[in-house]
Amino acid sequence: MTSAPVNPESHLILLGGGHCHVEVLRHFGDKPEAGLRITVISRDKFSAYSGMLPGLVAGHYNFHDCHIDLPRLAKYAGATFIHAEITALDCNKKRILSPAIAPIDYDILSINTGATPKLPQITDNAVPVIPVKPVEELLGAIEELYRQLYDRKRTCHITVVGGGAGGIEILLAIKYRFSRLNHITGYRLINSDTHILNKHNRHVQSKFTSVLDSHRIEVINNERILKIDSKGIYGNNDYFYETDIVIWATGVSPPDWIRTTDLALDQDGFININQNLQSTSHANIFAGGDIAGMCDMPRAKSGVFAVRQGPVLASNLRRFYQNKSLKAYMPQHQALALISTGDRYAILSRGCAYAAGRWFWRIKDWIDKRFMARYLK
């Protein structure tokens with residue numbers, strides 16, 4: 001599929017405020033497109049940059065260092081910003097639906113709402129379970145826990161479920177932030193794979209195993225969590241883990257409303273897109289980030305791919321409106337990862353490459369701040 005004629009004075013809706021869409025807004029702010037009306041609909045007013053979130057949790061950054069003001073960026077792009085959560089999409093009528101607002105019609109639609117982790121069975125009165133997404137709920141829960149511990153209102157054992165880079169970074173950031181508090185009874189990481197960081201090379205795995213051990217963090221591998229109740233966590237190996245709070249950092253699942261649309265979905269229920277970031281079933285609908293799955297070149301759900309998709313998505317939305325041929329997005333085979341350890345130290349991972357040190361944290365800090373500077377207009 002390529003582009004198709006679109007009438008002048010068309011309406012482009014950007015659904016969600018993720019990494020792709022902030023680039024789309026910057027793109028149209030730098031170079032407005034006559035006759036194209038743009039509306040942004042997002043459940044959040046601030047878009048969190050995932051690369052800096054561990055640093056925010058650890059206390060190295062403040063909120064505004066790593067959050068993009070969406071209403072402000074929308075204004076720069078000449079777009080209308082609507083603060084609402086979408087619950088339905090009618091692709092045939094080309095209409096967005098939400099209980100908070102009147103139905104809105106579109107000519108071109110782009111979806112970048114992200115996704116949330118898959119949760120296990122959680123009983124009534126279970127210990128608190130906090131998914132890492134939505135981000136603002138995670139940040140609020142961590143701040144409230146810190147306040148309670150600082151005020152000595154409770155003791156706490158913290159368990160993070162998820163042995164990928166995201167789960168490990170959040171756990172080490174919390175450990176760093178809470179290091180001066182005396183009411184933590186223990187930290188635990190539960191991982192469903194044989195090794196932590198199973199998508200990274202053995203040197204990175206070994207280094208992080210050593211880092212976690214030096215922080216006295218208990219690591220449980222080969223354990224899938226089946227249920228969480230008021231006492232703690234139950235795994236598939238008939239083990240029970242007592243804990244006071246669970247942070248859930250496993251793989252993500254698409255929102256329920258996606259399944260009620262006529263959009264073509266991949267085997268995991270995400271929007272099926274081609275190399276042009278265009279729906280394989282609806283030529284006037286595009287998608288990027290975690291909500292989408294590339295049918296020809298599947299990649300991990302990672303912020304680094306969403307950031308790289310942004311410029312291509314921005315260009316293709318403009319080219320679709322202009323009835324021009326679309327550009328292909330070519331994801332890299334091996335993405336560079338700079339994984340932080342909480343304390344201004346980072347480990348480089350790319351394919352078989354490995355390196356570590358405070359210098360790499362400074363490089364990561366420079367890259368992240370340079371990214372954010374593009375949107376703080």
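Biologist: What makes Cys-156 count as buried or exposed?

Modeller: Cys-156 has a relative accessible area of 0%. Buried means under 20%, exposed over 50% and partly exposed in between, with a 1.4 Å probe and protein chains only, so Cys-156 is buried. Before we go on: this is a predicted model, where local features need pLDDT of at least 70, side-chain atom pairs count only at pLDDT 80 or more, and totals for chains, interfaces and linings use all residues. Residues are numbered from 1 along each chain as its sequence is written, and side-chain values use heavy atoms, with hydrogens and water left out.

Biologist: Why is the pair of Tyr-234 and Phe-240 called tilted?

Modeller: Rings of Phe, Tyr and Trp (its six-membered ring) pair if their centres lie within 6.5 Å; planes under 30 degrees apart count as stacked, over 60 as edge-to-face and the rest as tilted. There are nine aromatic pairs by this rule. In the pair of Tyr-234 and Phe-240, the centres are 4.9 Å apart and the planes make 50°, so the pair is tilted. Both residues are partly exposed: Tyr-234 has a relative accessible area of 25%, and Phe-240 has 38%. Elsewhere, ring pairs link Tyr-49, Phe-371 and Tyr-375 into a cluster.

Biologist: How do you know that Lys-227 lies over the face of Tyr-234?

Modeller: A charge sits over a ring if NZ of Lys or CZ of Arg is within 6 Å of the ring centre and within 35 degrees of the ring normal. Lys-227 is at 4.8 Å from the ring centre of Tyr-234 and lies over its face. Likewise, the charged end of Arg-177 sits over the ring of Tyr-146, 4.2 Å from its centre.

Biologist: What makes strand 1 and strand 2 a pair?

Modeller: Strands (E, at least two residues) and helices (H or I, at least four) are DSSP runs, numbered from the N terminus. Two strands pair if DSSP finds at least two bridges between them. Strand 1 (residues 10-15) and strand 2 (residues 36-42) have six bridges, so they pair, in the parallel sense.

Biologist: What makes strand 7 and strand 8 a hairpin?

Modeller: Two residues lie between strand 7 and strand 8 in this hairpin. Strand 7 (residues 95-98) and strand 8 (residues 101-105) pair in the antiparallel sense over three bridges, and Ser-98 stands opposite Ile-101 in strand 8.

Biologist: And where does Cys-156 come in among the strands?

Modeller: Strand 13 spans residues 156-161, and six bridges join strand 13 to strand 14 (residues 184-190), running parallel. His-157 has Gly-186 in strand 14 as its bridge partner.
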